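Please work through the following exercises with the sequence and the model side by side, trying each task before reading its solution.

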Amino acid sequence: MSIMAPAADKKLTGLVAATFTPITSQGEINLSVIGPYIDYLKEKQGVNNVFVNGTTGESMSLSVEERKLLAEEWCRKAKGKMDQVIVHVGCLSLKDTQELAHHAAQIEADGIAVIAPSFFKPSSADVLRTFLQEVASTAPTLPFYYYHVPSVTGVNVNVRELIEGIEKVIPSFRGVKFSGSDLMDLGQCISYIPPHWSVLYGIDEQLLGALVMGVHGAVGSTYNYVGCHVNKLISAFETGDLVQARTIQVLLISLPLLCFDVGVNKQLMNELSGLDLGPPRLPVMTCPAARALAIKQKYDSIFPE
């Protein structure tokens, strides 16, 4: 089955943009940009799914109330336009995470994702599974995804071990956003899961390798502004044109963005999309204008209009 084809059971496939949080110059969230943002993703990038309030969205720098307002606006404005809105609800606090999960169900999000808590870290896969179970129980009807990003959380549990039998304690479990570089663990997850689950890859510059392993889609920050090119990469891969797929992947990784930096990514999105998403929130720093311009010029040289 093509990873770009919609499925009747709403299995999450294809590209998913990890959205930036629009912020005013005064440091407040800016909900007015979300409508035009959705139109840009759909019309200019060919991206029909979003992952809201994740790492790219600076979720850990937002209040619970801000995250609720953002999730509500994304769900409201995306209705009838986007295929799926997945709301990341993970927090350091179990209670805050449960509150956001319950809220996501109330606003009819299409699914929720949860990152591992990273201050007091779960000591094992069993402990993390119990944490996830406690969250899922507050929104039992919503498709539930584990968001694995060990480079950010410092929680590097074996995901294949984590998902062993997880459907017995989380019946709504539907897959993993796998933002780790352990391809053996990734492959074991893909081999284990039932057909209605999804494994979505989260390291944009390594997507082609993950496609070879059999992932069902990808969630990433760069798909906000290179989604149209990555859709071509996926199409080339699915038609067996590995030379073309490899060519596009190499072009993408030649952008100087290999070290994940929300401030740089957000400023580049501002430059390329024409949207005013504003600055990041401290402690993330705004990308210096000269650096953003240099990256935009590099982009324009790689993908001339």
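**Exercise 1.** Find the helix that holds H229, and decide whether H229 is buried or exposed.

*Solution.* H229 lies in helix α9, residues 223-238, where helices are DSSP runs (H or I) of at least four residues, numbered from the N terminus. The model is a predicted one, in which local features need pLDDT of at least 70 and side-chain atom pairs count only at pLDDT 80 or more, while totals for chains, interfaces and linings use all residues. Residues are numbered from 1 along each chain as its sequence is written, and side-chain values use heavy atoms, with hydrogens and water left out. The relative accessible area of H229 is 13%, so H229 is buried (under 20% relative accessible area, with a 1.4 Å probe and protein chains only). Leaving aside residues up to four places away in sequence, H229 touches I248, Y299 and F303 (heavy atoms within 4.5 Å).

**Exercise 2.** Describe how helix α1 packs against α9.

*Solution.* Begin with the axes, which are lines fitted to C-alpha atoms over the stretch in contact, with angles running from 0 to 180 degrees between N-to-C directions. Helix α1 (residues 34-45) and α9 pack at an angle of about 20°, and their axes are 9 Å apart. Therefore α1 is roughly parallel to α9 (angles under 35 degrees). Turning to the residues, Y37, Y40, L41, K44 and Q45 of α1 meet residues of α9 that include Y223, Y225 and N231.

**Exercise 3.** Which residues of helix α7 are buried?

*Solution.* In α7, residues 183-192, the buried residues are D185, L186, G187, C189 and I190. What covers these buried residues includes α6 (159-163) and α8 (207-213).

Technical notes
Helices (H or I, at least four residues) and strands (E, at least two) are DSSP runs, numbered from the N terminus. Buried means under 20% relative accessible area, exposed over 50%, partly exposed in between (1.4 Å probe, protein chains only). Angles under 35 degrees count as roughly parallel, over 145 as roughly antiparallel, 65 to 115 as roughly perpendicular and the rest as oblique.
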